[in-house]
Amino acid sequence: MRIIAFILFSCLFICCKSEYSEIDNTSELKLKWNKSHQDDSINRAVIGLQWALSYVGSNTPCNSKSIKVSGNIITIYPDYVGFNNKALAVFKTLISKIKQTEAFKNNNTLDLGRFITLLLASPEHYYALVGTPKTLEQLKAKYKLNAQKGYVNNSSVALQDRIISFSDLKDLNQLWISEEIDSISKTIYELETIELLKNGQLRFGIYNKNGILKNVANSKHTAAGKPGKCIWCHESNLNQMFKKQDNVYGFLSADALQQKIKASRDTFKRKRKLLKETVDFNKKQQHTFTEILYISFLEPSAKRLSLEWNINEDEVVKSLKHLKTHKHKEFQFLGDLYYRKDVEQFAPLKAIKVSSSVRELSANEINHLN
């Protein structure tokens, strides 16, 4: 359990020049911030949004032209957010789908937590925005892998052994591949990838044994979950090995592999501190604001639902009286919570559908890009 130290942040936006000459003002999107706990603030919400955009490849979430705030409404101007042209088209497609819903047509806004969940809980949305190649061969073609490999037989995440391949770190570019294998037969079950990106974030991919991109890791082999869980677990870092490993003939020693990981991690962290048009990596704990945005949406309190639905809190409690509440194990200050999948049917207006979990496989995975 991580210790969260909340400090009041004043939101500083840095003005950056847009790469796009033709601006489509009709694609702007208004997001409504609904307070989820006593210390919550619009400034924290904006920072959480900035981190979420950076997770899906945005290069300029700090751009003063990309986000405007008025009261509890945050307006995003997609052309200034810092996506490449392909990701920008995906982003605008999602916005178009949002604007076709009953809730948006009536309120002219989308709940901010729902928007974050829309981006991070759907692997298809994440992959399309961040540009993860559809096959492992396409991904590997962009890198030159080191001849040396590592071997992990006591992983903190995988239930099987792992073979670790990697390219050398060049600028803010590097690839790490983990093959989940049978310890005896060495059969490959699936593969997971991490890339270092020029905006200071990581890009995650999950591939089946044939090298085809997939949405979620197989729970029989690993606890990795969906890309959203990778984002949460890594906290924008290359994670070192946390358990003692055996040395395996033909592979780097456990100590040598650990040093390779640490050296890449430390160099990456040092270089990204020099970046100007991204989130403030010197205030790394700010990533928690993103997590609270999607957690408080997926596990809302009656008070938050009353703000979201524009209904008296007592009426919300009355409508949900047959449902049990719970506490979030990490963020207990969020209070007594319901599960979104249980309360969605009581919403007065139908909003765009989202997957019910950012980190794990959902009963109904949502893809609005079909």
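**Exercise 1. Work out the strand order of the open sheet and find its edge strands.**

Solution. Start with the order: four strands make an open sheet, arranged 2-3-1-4 with mixed pairing. Strands here are DSSP runs of E with at least two residues, helices are runs of H or I with at least four, and both are numbered from the N terminus. Two strands pair if DSSP finds at least two bridges between them. Next, the edges: strand 2 (67–70) and strand 4 (110–111) each pair on one side only. Then look inside: strand 1 (residues 29–32) and strand 3 (residues 73–76) pair in the antiparallel sense over four bridges, and Leu 31 stands opposite Ile 74.

A note on the model: it is predicted, so local features need pLDDT of at least 70 and side-chain atom pairs count only at pLDDT 80 or more, while totals for chains, interfaces and linings use all residues. Residues are numbered from 1 along each chain as its sequence is written, and side-chain values use heavy atoms, leaving out hydrogens and water.

**Exercise 2. Where do Arg 304 and Asp 111 lie, and are they buried or exposed?**

Solution. First, the contact: their side chains meet in a salt bridge at 2.9 Å, N to O (a side-chain nitrogen of Lys or Arg within 4 Å of a carboxyl oxygen of Asp or Glu). Second, the location: Arg 304 belongs to helix 10 and Asp 111 to strand 4, so the pair ties together parts 193 residues apart in sequence. Finally, salt bridges that share partners join Asp 111, Arg 114, Arg 304, Glu 308, Arg 340 and Glu 344 into one network.
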